[in-house]
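Biologist: I would like to learn how to read a model of this kind feature by feature, with the general idea placed ahead of the particular case. Could we go through it together in that way?

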Amino acid sequence: MGARRRRSVRRKTARVSAKPADTQWPLWEVFVQEKSGAAHEHAGSVHAPDAELALQNARDTYARRGPVTSLWVVEARHISATTPEDSPFLLGPGPEKLYRHPRFYKGAKE
Amino acid sequence: MKDDVFEYLLRLGDDRLVLGHRLSEWCGHAPIVEEDIALANLALDCIGQASQLLELAGELEGAGRDADALAFFRDPTQFRNCLLVEQPNGDFAQTIARQVLFDAAGAHVLDQLGRSKHERLAAIARKAANEVRYHVRHARDWWLRLGLGTEESHDRLQAALDELWPYTGELVTPDELDTALCRAGIGADLDAVRVWFEREVGELLAAAKLRRPPDTSFGADGGRHGKHSEHLDHLLSEMQCVARAHPEASW
C-alpha cells in the first residue's frame with residue numbers, strides 16, 4: 001500500500017486541476033485520521049460513483065489494515081489547487097524567517 | 001450431541017468457505033479496481049471465518065483433521081454448504097444479489113450465534129458478525145444502485161433475483177439438526193431468522209423497485225445433506241487441486 005500512497009500523492013495537483021482523463025467514475029480524494037483529535041491526512045484517491053461508495057472504497061483501500069478513527073472523502077473536482085506557474089509568487093515565503101510560517105511549529109510536537 | 005455440533009459447524013464453515021471462494025474468483029476481473037479490492041476483502045473475511053469454524057469442527061471431531069484437511073480433502077458430497085453460495089458469480093448483479101440474499105439470513109444467524117451457549121462458537125460468531133455488517137452495507141448499497149440505476153442494471157438485478165430466489169428457502173428452513181441445536185441453546189433459531197429475512201428482503205425489494213419472484217418448491221435444497229449442483233464439483237476441483245497435488249506442502 002506504501003507505493004500506492006506515494007504515487008497518488010505525487011499526481012495530486014495535476015489530477016485535481018485537470019478534468020479526469022479517463023472514463024471511469026469520478027475521482028475522490030481520501031483523508032485518513034489515525035487517532036481521535038488528530039488531523040485528517042491525505043492518503044490517496046479512489047474512484048466511486050457517489051460519496052457513500054467513495055467512503056466504502058476508501059475504507060477498503062486505505063483503512064482496512066491500520067488503526068483508523070475517521071475517513072473523509074471529497075470529490076476531487078471540488079478541490080481548488082494552485083498551478084505550478086502560480087507557485088513562485090503565491091507560495092514563496094523564502095528560506096529566511098521560517099518561524100513565521102504557520103506550519104513551522106508543527107514539527108516541534110512530534 | 002458432539003457429532004451434531006460438528007455437523008453444524010461444517011454447515012456454517014462450508015457456507016463461508018464456498019462463498020469466499022466464489023467472491024475470490026472476481027479478483028482481477030471486477031468492473032473497477034476499487035470493487036476488485038472490496039470483493040477480495042469480502043472473500044478474505046468469509047474464508048477467515050470458515051477457517052475458524054472448520055478448525056473448531058476438526059477439534060470437536062477429534063480425528064486429527066484441521067481446517068485445511070476439512071477444506072481441501074473432502075469430496076463434494078461431504079460438503080454441507082447451502083446451494084445458494086455455490087451458484088456461479090454470473091454478472092456483477094448476480095454476485096450482489098447472492099451476497100444480499102445470503103447475508104439477509106446469515107447476518108441474523110451470526111447475531112444469534114453470538115449468544116450461543118457454545119462459547120467458542122459464540123466468540124467466532126461475534127467477530128464474524130462485525131465483519132458482516134460491512135458486507136451487508138456494501139452489497140445493499142450496490143443492490144439499490146443497480147435496482148434504481150439504468151434500465152439495464154435494473155433488469156440484470158431482477159434476472160439475478162429470479163435465478164437465485166429458489167435457493168433462499170434453504171437458508172431459513174430448519175431441519176432436525178437445526179431444531180435440536182436451537183433447543184439446546186447452541187444453534188440459531190431459523191424460524192426467527194426467517195421472520196427477519198422476510199421483513200428485510202421485502203424492504204429491499206421495494207426500495208430497489210424489484211418484483212418478488214414467485215415462491216417455487218421444486219426442491220432447491222439438499223446442500224445440508226451433501227446433495228449439490230455440479231457447480232460445486234468444478235469449484236472444489238479448482239480450490240483443492242494444489243493442496244491435493246502437494247499434500248504435505250507448507251508455505
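This is a predicted model: local features need pLDDT of at least 70, side-chain atom pairs count only at pLDDT 80 or more; totals for chains, interfaces and linings use all residues.

Biologist: How far is I47(B) from Q94(B), in sequence and in space?

Modeller: The two residues are 47 positions apart in sequence, and their C-alpha atoms are 20 Å apart in space.

Biologist: What should I look at when two helices pack against each other?

Modeller: Two packed helices are described by the angle between their axes and by the distance between those axes. In this model the axes of α2(B) and α6(B) come within 11 Å and cross at roughly 165°, and these two helices are therefore roughly antiparallel to each other. The crossing of α2(B) and α6(B) is left-handed.

Biologist: Which residues make the contact between α2(B) and α6(B)?

Modeller: From α2(B) the contact takes A38(B), L42(B), D45(B), Q49(B), Q52(B), L53(B) and L56(B), while α6(B) contributes R120(B), L121(B), I124(B), A128(B), E131(B), H135(B) and H138(B). Sorted by class, the contact of α2(B) with α6(B) has seven nonpolar, four polar and three charged residues.

Biologist: How do α5(B) and α7(B) cross?

Modeller: The axes of helix α5 (residues 92–113) and helix α7 (residues 151–164) of chain B come within 8 Å and cross at roughly 50°, which makes α5(B) oblique to α7(B). The crossing of α5(B) and α7(B) is right-handed. On the side of α5(B) the residues are A93(B), Q94(B), A97(B), R98(B) and L101(B), and they meet S153(B), R156(B), L157(B), A160(B), L161(B), E163(B) and L164(B) in α7(B). By class, the contact of α5(B) with α7(B) has seven nonpolar, two polar and three charged residues. Q94(B), one of the α5(B) residues in this contact, is the residue whose distance from I47(B) you asked about.

Biologist: Let us turn to chain A; what is its pattern along the sequence?

Modeller: Chain A has five helices and three strands, and along the sequence they follow the pattern α-α-β-β-α-β-α-α. Of the 110 residues in chain A, 19% are buried, and among the contacts of chain A with a separation of 6 or more, 50% are between residues 24 or more positions apart.

Biologist: And how is a sheet to be read?

Modeller: Strands of a sheet pair through backbone hydrogen bonds, either parallel or antiparallel. Here an open sheet of three strands has the order β2-β1-β3 (chain A), with antiparallel pairing. Because β2 (41–47) and β3 (70–75) of chain A stand at the edges with a single partner strand each, one side of each is left without a neighbour in the sheet. Neighbouring strands of this sheet are turned against each other by 30° on average, direction ignored.

Biologist: How many bridges join β1(A) to β2(A)?

Modeller: Six bridges join these two strands, which run antiparallel, and within this pairing V32(A) has E41(A) in β2(A) as its bridge partner. Strand β1 (residues 27–33) of chain A also pairs with β3(A) in the antiparallel sense, over six bridges. In β3(A), V74(A) is the bridge partner of E29(A), and V73(A) stands opposite V30(A).

Biologist: Finally, how many residues does each chain give to the contact between chain A and chain B?

Modeller: Chain B gives eight residues and chain A gives 13 residues. On the side of chain B that touches chain A, α2 (33–61) and α6 (119–148) each supply at least two residues, and the largest share, four residues, comes from α2(B). By class, that side of chain B has three nonpolar, two polar and three charged residues.

How values were computed. Residues are numbered from 1 along each chain as its sequence is written. Chains are lettered from A and ligands numbered from 1 in the order in which they are written. Two residues are in contact if their C-beta atoms, placed from the backbone, lie within 7 Å. Ala, Val, Leu, Ile, Met, Phe, Trp, Tyr, Cys and Pro count as nonpolar, Asp, Glu, Lys and Arg as charged, and the others, Gly among them, as polar. A residue is buried if 20 or more other C-beta atoms lie within 10 Å of its own, exposed if 12 or fewer, and partly exposed in between; C-beta atoms are placed from the backbone. Axes are lines fitted to C-alpha atoms, for helices over the stretch in contact, and angles run from 0 to 180 degrees between N-to-C directions. Angles under 35 degrees count as roughly parallel, over 145 as roughly antiparallel, 65 to 115 as roughly perpendicular and the rest as oblique. A crossing is left-handed if the near helix is turned anticlockwise from the far one by less than a right angle, and right-handed if clockwise. Two strands pair if DSSP finds at least two bridges between them.
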